[in-house]
Amino acid sequence: MPRLFTALEIPRNAAMSLSLLRGGLPGARWIDVENYHITLRFIGDVDGRTADEIVDRLDRIDRPEFQIRLDGIGAFGSKKPHSVWAGVSPSPEMYALQAEIERICQRVGLPPDPRKFTPHVTLARLKSSRVDDVVHYLAGRGNFQTSAFTVPRFVLLSSRESVGGGPYLTEEIFPLHEALSVPSVSSSFLQPVKSLA
């Protein structure tokens, strides 16, 4: 069974902006543009019955679409950096969606995710990059930011690669519903009530 995880997709314009960050860092293995994503919950290797149950429950999630932007870059592993990432602007809706997926995974018997949810897009895996090189790379690109974009759905991805970084296969798609705009109150409702006295 492939390793499964839920994720948000990165639209083409934002992915193209991310691709411009590639290069200039010795020892980096850059992620292919088509494999950029924001992991919501790593599920791992599960049996077919568990996978079906997770899909069935994810399919019942009823949440509105929301907007995010990619904002800033950084590295994981301060003393021995192992990956470079682009950050994601905070979004209450994204955190609520991730928390609901986490609850679903625990209800079907998966252990809680030991890592705190830190939304990001992995740009590169680092094998032998020196800390100084990573610091220099980040310093030159610290003000990275994309335009805000709408997240209309989340997906269940699988990976058969043992090292991570793709290729990923979209197993299931879970649409979010359109966010309803608040109707403006008609001015006729705001007229003062005439006194009967």
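Visitor: Which residue forms a salt bridge with D56?
Guide: A salt bridge here is a side-chain nitrogen of Lys or Arg within 4 Å of a carboxyl oxygen of Asp or Glu. R60 is the partner of D56, with the closest N and O atoms 2.4 Å apart. This is a predicted model, where local features need pLDDT of at least 70 and side-chain atom pairs count only at pLDDT 80 or more, while totals for chains, interfaces and linings use all residues. Residues are numbered from 1 along each chain as its sequence is written, and side-chain values use heavy atoms, with hydrogens and water left out.

Visitor: Is R60 buried or exposed?
Guide: Buried means under 20% relative accessible area, exposed over 50%, and partly exposed in between (1.4 Å probe, protein chains only). R60 has 58%, so it is exposed. D56 has 39%, so it is partly exposed.

Visitor: How many salt bridges are there by this rule?
Guide: The count is nine. Among them is R115 with D113, at 3.6 Å from N to O. R115 is exposed, at 57%. Another pair is E53 and R57, at 3.3 Å from N to O. R49, E53 and R57 are linked in a network.

Visitor: Why are E53 and R57 separated by about one helical turn?
Guide: Helices are DSSP runs of H or I with at least four residues, strands are runs of E with at least two, and both are numbered from the N terminus. E53 and R57 are four residues apart in helix 2, so about one helical turn separates them. E53 is partly exposed, at 26%. R57 is partly exposed, also at 26%.

Visitor: What span should helix 3 have?
Guide: Take 1.5 Å times one less than the number of residues. Helix 3 (residues 92-107) has 16 residues, so it should span 22 Å; its end C-alpha atoms are 23 Å apart, which agrees. G109 follows helix 3, and its phi is positive, near 105 degrees.

Visitor: Which residues of helix 3 are buried?
Guide: They are M94, L97, Q98, E100, I101, E102, I104 and C105. What covers them includes strand 1 (3-9), helix 2 (48-58) and strand 9 (153-159).

Visitor: What is the strand order in the open sheet of four strands?
Guide: Strands of a sheet pair through backbone hydrogen bonds, either parallel or antiparallel. Two strands pair if DSSP finds at least two bridges between them. The order here is 2-7-6-5, with antiparallel pairing. Strand 2 (28-30) and strand 5 (70-76) are the edges, each pairing on one side only. Five bridges join strand 5 to strand 6. F76 has S83 in strand 6 as its bridge partner.

Conventions:
Contact means heavy atoms within 4.5 Å.
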